[in-house]
Amino acid sequence: MPTMIAVSAVTKTYKSGFTALKGIDLAVEKGEIFALLGPNGAGKTTLISIICGTVTMTSGSILVGGHDIRSAYRAARSLIGLVPQEIALDIFANVWDTVSFSRGLFGRAPDPAYIERLLRSLSLWDKRASRVMELSGGMKRRVMIAKALSHEPEILFLDEPTAGVDVSLRRDMWALVRQLREQGVTIVLTTHYLEEAEEMADRVGVIDDGRLLVVEETATLMRKLGKRQLTLTLQHRMQMLPPGLADWPLELEEDGQRLTYRFDANAEDTGIPRLLKLLGESGIDFKDLDTSRTSLEDIFVSLVENPA
């Protein structure tokens with residue numbers, strides 16, 4: 001697939017001396033969903049703002065659809081739709097005019113049929129004549145998304161799009177994201193809802209302190225860094241592990257009521273049969289057993305706390 005976004009050695013240092021980005025290299029392909037994860041202040045919004053042209057980078061280069069964002073700003077920006085974190089709307093305008101006006105700003109010819117489909121897909125059709133000031137916070141967020149899509153961009157940036165919104169909007173938005181991806185639109189999102197990134201994204205990038213720690217296919221990252229966990233609820237509380245289990249990666253939790261064993265799910269020998277046999281031989285009885293896998297959130301925390 002062709003590269004839609006090419007970021008090379010991008011840095012950003014503010015006048016205060018704070019360096020928000022430290023040599024970012026990133027390529028995002030056409031039609032993929034790319035999730036950018038990181039704690040507050042990691043550089044996510046700064047990077048998106050630079051690509052979209054609202055913040056100027058200190059050094060480096062960025063191509064959007066093959067257009068340099070500095071020398072061919074208009075061509076690059078016309079390919080981008082941006083849904084920022086903050087809601088910024090004319091509160092006196094109605095929904096239809098707000099979205100239609102945004103389309104005109106990008107030089108697109110009027111297309112009432114497209115605007116209607118867009119508003120219907122975001123459950124805004126019944127609110128088309130309502131002024132923005134009359135809408136709930138969730139509805140205003142829907143209008144922001146409609147504005148970003150009004151000129152039919154090839155790339156959509158979603159900066160914390162579902163933060164603080166209701167379940168209905170989240171469901172509608174992810175359905176729309178899937179539909180856009182099927183149409184070939186490239187999606188770049190930042191989110192704190194890591195389960196959404198795990199479910200939706202083709203690839204994940206983890207950024208912290210202005211540096212990209214890892215960029216990997218979501219499934220590959222889970223396979224490489226993800227672990228599975230066996231949790232045993234013990235019949236009787238334990239104060240410490242018996243000597244025969246000292247070499248096993250076991251942890252006593254919940255004040256000795258639970259025993260946890262973490263293992264590589266992809267290994268040929270997980271060690272579980274031998275462990276259960278040893279537990280029986282040691283006279284350790286359990287009343288419940290549960291297995292779970294490491295989440296993307298666990299991997300994220302691990303990468304941020306223990307960068308390579």
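Tutor: Happy to! Keep in mind that this is a predicted model. Let's start with Ser123, which lies in the loop between helix 4 and helix 5.

Student: What is phi of Ser123 like, positive or negative?
Tutor: Positive, at about 55°, although Ser123 is not a glycine.

Student: OK, new topic. How many aromatic pairs does the structure hold?
Tutor: It holds two aromatic pairs. In one of them, the ring centres of Trp96 and Trp125 are 6.1 Å apart.

Student: Why is that pair called edge-to-face?
Tutor: Because the planes of Trp96 and Trp125 are at 70°, and over 60 degrees counts as edge-to-face.

Student: Which parts does the pair tie together?
Tutor: Trp96 lies in helix 3 (residues 95-105), while Trp125 is in the loop between helix 4 (112-121) and helix 5 (137-149), so the pair ties together parts that are 29 residues apart in sequence.

Student: Are those two buried or exposed?
Tutor: Trp125 counts as buried at 16% relative accessibility, whereas Trp96, at 24%, counts as partly exposed.

Student: What sits over the ring of Trp125?
Tutor: The charged end of Arg128, 4.0 Å from the ring centre. Elsewhere, Lys12 lies over the face of Tyr14, 4.8 Å from the centre of that ring.

Student: Last one: where is Ala9 found?
Tutor: Ala9 is in strand 1 (residues 3-13). Its phi is positive too, near 50°, and Ala9 counts as partly exposed at 41% relative accessibility.

Terms used:
Residues are numbered from 1 along each chain as its sequence is written. This is a predicted model: local features need pLDDT of at least 70, side-chain atom pairs count only at pLDDT 80 or more; totals for chains, interfaces and linings use all residues. Side-chain values use heavy atoms; hydrogens and water are left out. Rings of Phe, Tyr and Trp (its six-membered ring) pair if their centres lie within 6.5 Å; planes under 30 degrees apart count as stacked, over 60 as edge-to-face and the rest as tilted. Helices (H or I, at least four residues) and strands (E, at least two) are DSSP runs, numbered from the N terminus. Buried means under 20% relative accessible area, exposed over 50%, partly exposed in between (1.4 Å probe, protein chains only). A charge sits over a ring if NZ of Lys or CZ of Arg is within 6 Å of the ring centre and within 35 degrees of the ring normal.
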